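Here is a short briefing for a reader who has not seen this structure before. Please look at the sequence and the model first, then read the points below.

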Amino acid sequence: MAAKIISGKEISQEIREELRKEVQELKEKHGVVPGLVTILVGENPASVSYVTAKQRTAKDLGFYSVQENLPEDVSEDELLQMIERYNQDEKIHGILVQLPLPKHIDERKVIHAIDPRKDVDGFHPVNVGKMVIGEPCFLPCTPHGILVMLHRAGVQVDGAEVVVVGRSNIVGKPIANLLLQKRKPVGNATVTVCHTGTRDLAAHTRRADILIVAAGRPKVITADMVKEGVVVIDVGVNRIGTTPEGKAILCGDVDFDSVKEKASAITPVPGGVGPMTITMLMKNTVEAAKLWAG
Ligand code: GUN
């Protein structure tokens with residue numbers, strides 16, 4: 001069976017058009033322009049490319065957007081002071097500090113410093129806590145994007161066996177939490193989380209109706225590890241080389257070519273989860289701006 005390709009790029013475009021209209025309305029009716037600051041520390045090539053894409057999208061949607069580039073050796077205090085300035089800045093509704101940060105900076109302190117009302121990444125413990133108990137909050141962008149993809153692709157999640165590979169705070173833990181909640185329209189699944197300590201990974205992945213892979217290693221999921229008809233969401237973005245023109249060659253955590261022959265639906269890399277993450281960041285920023293529009 002040839003799998004249906006779930007295109008994050010196409011679903012993203014639909015949502016971005018909806019957001020563009022909302023931004024226009026916020027401007028016309030309330031005089032509010034969604035404001036997003038992205039803060040990048042150092043020059044990690046993957047982070048530079050993510051932040052550039054986030055800024056480009058924000059500008060395209062008509063946001064007020066600010067890009068802050070700090071040197072690799074910036075002090076933790078300087079970064080915390082910058083965050084505080086943006087906490088107080090009325091033109092800014094969303095603050096994003098690109099992770100990972102250099103070793104001398106305490107990531108936890110940085111996340112805690114962001115006003116939860118401007119935490120459009122959904123990483124602040126206040127938002128994480130609200131997410132776990134099902135209260136309205138900013139949902140983390142990648143898991144939020146996965147929920148929207150499953151919904152718009154018409155995947156039956158209610159009662160499904162979901163297996164998540166990876167237990168990061170950014171993807172694995174929150175997506176597992178969201179899918180086990182009774183939330184509508186996407187939730188009420190039976191969820192298993194696998195990780196580096198899992199004894200027999202394939203025994204778990206073979207049971208999955210929906211397999212979500214955020215392992216951070218190229219092609220760890222192969223065709224023999226999945227059952228016929230599985231829906232596969234591949235969160236991995238691995239740089240496995242460079243083209244002669246200097247462009248990064250990307251692959252996911254799933255061996256796409258072999259797994260697509262058994263799956264009923266699968267997300268590609270690139271063009272799958274990646275664009276959705278950026279789109280949900282834009283959605284959270286519009287929601288943050290609405291809080292101030294009253
Ligand atoms: N690094 C990898 N993914 C993310 C993300 O969603 N937000 C931030 N701030 N950093 C990241």
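How many Å separate the centres of domain 1 and domain 2? The centres, taken over C-alpha atoms, are 28 Å apart. This is a predicted model, in which local features need pLDDT of at least 70 and side-chain atom pairs count only at pLDDT 80 or more, while totals for chains, interfaces and linings use all residues. Residues are numbered from 1 along each chain as its sequence is written.

**Domains**
- The protein chain is divided into domain 1 (31–116) and domain 2 (141–273), with bounds that come from an automatic or database domain assignment.

**Sheet**
- Three strands form an open sheet in the order β3-β2-β4, and their pairing is parallel.
- Strands (E, at least two residues) and helices (H or I, at least four) are DSSP runs, numbered from the N terminus; two strands pair if DSSP finds at least two bridges between them.
- β3 (64–70) and β4 (94–97) are the edge strands, each pairing on one side only.
- From one strand to the next, the twist averages 15 degrees.
- Strand β2 (residues 35–41) runs parallel to β4 and is joined to it by four bridges; Val37 has Ile95 in β4 as its bridge partner.
- Helix α3 (residues 76–88) packs on the sheet and touches β2, β3 and β4, and its direction makes about 175 degrees with that of β2.
- Axes are lines fitted to C-alpha atoms, for helices over the stretch in contact, and angles run from 0 to 180 degrees between N-to-C directions.

**Ile111**
- Helix α4 (residues 107–113) contains Ile111.
- Ile111 counts as buried because 20 other C-beta atoms lie within 10 Å; the cut-offs are 20 or more for buried, 12 or fewer for exposed, and partly exposed in between, with C-beta atoms placed from the backbone.
- Leaving aside neighbours within four places in sequence, Ile111 is in contact with Phe123 and His124, where contact means that C-beta atoms, placed from the backbone, lie within 7 Å.

**Ligand**
- The residues around the ligand are Leu96, Val97, Gln98, Leu99, Asp121, Cys141, Thr142, Ile170 and Thr277; a residue is near a molecule if its C-beta atom, placed from the backbone, lies within 6 Å of it.
- β4 and α6 (141–152) are the elements that give two or more residues to this shell.
- Domain 1 and domain 2 each supply at least three residues of the shell.
- The shell divides into five nonpolar residues, three polar and one charged.
- Ala, Val, Leu, Ile, Met, Phe, Trp, Tyr, Cys and Pro count as nonpolar, Asp, Glu, Lys and Arg as charged, and the others, Gly among them, as polar.

Key. Contact = placed C-beta atoms within 7 Å.
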